[in-house]
Amino acid sequence: MSEVASRRGGSIGRSLRVVASFASVGLVLGALWALTAPVEHVAAVGDGRAIVLTGESDHRFDALALFLCITAAAGVVATVGVWSVVSDRGPRLAVDTVVGAFAGSAVAAGVGLAVGALRYASAEGAARGDVVGLAPGMSTPLALLAQPLAAAVTIVLIAALSASDDLRRGDTVEASDESMSSS
């Protein structure tokens, strides 16, 4: 019973490490997105309101598309990294990876929006006629699904293309090594 409890504790610890690693990558991605996403310029009309200048409304899409590309690429790279480091592969690793990718995407969005809010002014304090650059934003919460989706597709492809039937799990390699050395 203690062996089962120790395995369960080890797998929970591994799950937390996978999720934490994705979240820490999300910190960097959020700051990167906030610094590279284009600003939307607006003209202040008073009372904290603003109108979008011609051609600037495209930057809302650009910021969202950049977030999607950055997080999807990170989902692929981080999943390959997790696969190469973790030896206990299987359904739990897939779930940990997708949950971690969603956490990383949420952290990236939160950090990116916070850094953007600190970096750029709002239209509330601007005088009538002033042109103000608004912080990049996300127009839909569905953008948070890009990284988990990329991670899920990547882990399915890696598992499907694995040459080993047992996905080169650490515990089965040791067992087969022991049986070969005893004969």
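Residues are numbered from 1 along each chain as its sequence is written, and side-chain values use heavy atoms, with hydrogens and water left out.

I looked up the fold and found five helices and three strands in the protein chain, arranged along the sequence as α-β-β-α-α-β-α-α. Here helices (H or I, at least four residues) and strands (E, at least two) are DSSP runs, numbered from the N terminus.

I then checked pLDDT, the predictor's confidence in each residue, from 0 to 100. The protein chain averages 82, with the highest mean in H4, at 94, and the lowest in H5, at 48. Over residues 172–180 pLDDT stays under 50, and the model has two contacts for them beyond four places in sequence, a contact being heavy atoms within 4.5 Å. I remind myself that where pLDDT is low, the predicted coordinates should not be read in detail.

Last, I asked where Leu 161 lies. Leu 161 sits in the loop between helix H4 (146–160) and helix H5 (170–182). Leu 161 is exposed, with a relative accessible area of 73%, and exposed means over 50%, while buried means under 20% and partly exposed falls in between (1.4 Å probe, protein chains only). I also recorded that buried residues make up 34% of the 183 residues in the protein chain.

Key
This is a predicted model: local features need pLDDT of at least 70, side-chain atom pairs count only at pLDDT 80 or more; totals for chains, interfaces and linings use all residues.
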